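Please consult the sequence and the structure while reading.

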Amino acid sequence: MIDALAILREPLRADELIARARQRTGLVDFGCTPFQEPLQNLLRACREEAELSLFGRLATHWDVVRFLSNLLRLREEERRAPKILDLRIERPIFIAGLPRSGTTFLHSLLAQDHTNFVPRVWQLIHPYPLGGPGARPDLRPRRVARQLRMFGMLAPEFRRMHPIDSSSPQECSEITAHVFASLRFDTTYHIPGYRRWLDGTGHLDAYRFHKRFLQHLQHQAVVAGHWVLKCPDHIFALGALRAVYPDAGVVFVHRDPLAVLPSVARLTEVLRRPFTRRLDKLEIGRQESDRWLAATELMIEAADQERFEEPILHIHYLDLVGDPLGTVATLYRHFGRPLDPRTAARISRLVEAKPNGGYGTRRSHLEEYGLDPVVEHERYARYIERFAIRPERRTGSARSVKGSAALASGRSAEIAGTVSPANPRSGAIAPDCPTRCAT
């Protein structure tokens, strides 16, 4: 309680948060990690723009100290085992695309393959066991589960919009947040000044740290594997991604923007509400529409230039939720990887158990966030035409698992060929499409 009162009385200052992390861990060496300028810019924006609530101030303090404590621990582990930084991250697959387009659903499907490394929520919050090397039992999953339950009480709608537990696959924005160069903060807080700074600075240092973080997780793995990573925000950092991971495979998931925008605006509203004293839904609508319109231009540019070693794989949301297993088979074939029958069977069971990915059915409407469906359709027309994106109707879920039994028997290539191509003339524009399917 004394600590909490001190947090409320004093402004969030970088030097004090750094000192607290050092006190908490008993460690002092951050190495050469470039975090101080990003941290200063984040805290300045939080003070001047975010209008943090009581919970927002406490949570930001906790978040920053946790990130700094993790940086100290990573450096200490490198001192003990310098070969960590020699580990190779070979041919990782990065999933990106518009948010609320099925990227999380696809990531969860690929996590059913035990040869894939997928970062889990608890790993990104606590990358090493609590209590020092060799500490037993490992309390991280249980502790993170408690923290998620607490946040669920503050934002009860979040779990319905984005089902998550401590072992769920987690987005890469949580990794780059450790060096305070992540669009994660721009979603949680209204901090346009920080976003402008990050856009101008770029993401190269953040992605170099991203690779270093994966090396630490891989160092603790008991079996070999390949990384499968996911975050819509990768779209804004494709140059840095390519520079750090030259052999990476990239997947873009495409969805009707008129279904995406009300859903992502609603999620941003739900995430921000506990952290701020002021919430402007119209401002959120404008921000999300502008942000993801810029992302569509970056996807078009990336698809046209094809600068990655392997061609970008383009997946359509309606194909993914209509035939999840066939879509996974297409992905494996594209990247030259075999789909094991046991993995196919696990995917089938997951889809049968959670046919809509576990998501709720609340409808969001563009008009709630000051967006006109006709105007937005015109703004996104280039993206829709370039990738032949089908408009969505108001019904449907991910119940269809056509071909699952055959794939589980090992005939993945045959069934994968049945994934239907996008037909831009099917269906009708539905600005009030429900946000019920996998995101």
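The points below are grouped by topic, after a short note on conventions.

The model is predicted: local features need pLDDT of at least 70, side-chain atom pairs count only at pLDDT 80 or more, and totals for chains, interfaces and linings use all residues. Residues are numbered from 1 along each chain as its sequence is written, and side-chain values use heavy atoms, with hydrogens and water left out.

**Cavities**

- Rolling a probe the size of a water molecule over the atoms shows where empty space is left.
- A cavity is a set of points, on a 1 Å grid over the protein atoms alone, where a 1.4 Å probe fits but cannot get out; its lining residues have an atom within 4 Å of a point.
- Grid points are joined across faces, edges and corners, and a volume is the space filled by probe spheres set on the points.
- The model contains three cavities of 30 Å³ or more.
- The largest cavity has a volume of about 100 Å³, and its lining consists of 14 residues, of which T176, L183, H203, Y207 and D233 lie nearest its centre.
- Helices α9 (173-176) and α12 (204-220) each supply at least two residues of that lining; helices are DSSP runs (H or I, at least four residues) numbered from the N terminus.
- The lining of the largest cavity comprises seven nonpolar, six polar and one charged residue, where Ala, Val, Leu, Ile, Met, Phe, Trp, Tyr, Cys and Pro count as nonpolar, Asp, Glu, Lys and Arg as charged, and the others, Gly among them, as polar.
- The second largest cavity has a volume of about 80 Å³, and the residues that line it include A50, T188, R272 and E283.

- Helix α12 has 17 residues and reaches 25 Å from its first C-alpha to its last, close to the 24 Å expected at 1.5 Å a residue; the expected span is 1.5 Å times one less than the number of residues.
- Among the buried residues of α12 are Y207, F209, H210, R212 and F213, buried meaning under 20% relative accessible area, exposed over 50%, and partly exposed in between (1.4 Å probe, protein chains only).
- Helix α18 (residues 341-353) has 13 residues and reaches 18 Å, close to the 18 Å expected.
- In α18, the buried residues include T343, R346, I347 and V351.
- D340 caps the N-terminal end of α18, with a side-chain oxygen 2.7 Å from the backbone nitrogen of R342.

**Cysteines**

- The structure holds zero disulfides, a disulfide being a pair of cysteine sulfur atoms within 2.5 Å.
- C231 is buried, with a relative accessible area of 2%, and C46 is buried at 3%.

**Individual residues**

- S53, in the loop between α3 (36-48) and α4 (54-80), is buried, with a relative accessible area of 11%.
- The side chain of S53 reaches the backbone oxygen of P274 at 2.7 Å.
- L271 belongs to helix α14 (residues 257-272) and is buried, with a relative accessible area of 17%.
- L271 and T188 are 83 residues apart in sequence and 5.8 Å apart in space, C-alpha to C-alpha.
- P34, in the loop between α2 (14-25) and α3, is partly exposed, with a relative accessible area of 41%.
- P34 and V179 are 145 residues apart in sequence and 6.9 Å apart in space, C-alpha to C-alpha.

How values were computed: 1 Å grid on protein atoms, 1.4 Å probe; cavity = no way out; pocket = protein on both sides within 12 Å on 5 of 7 lines; lining within 4 Å. Polar contact = N/O pair within 3.5 Å; in protein donor to acceptor, adjacent residues only side chain to side chain.
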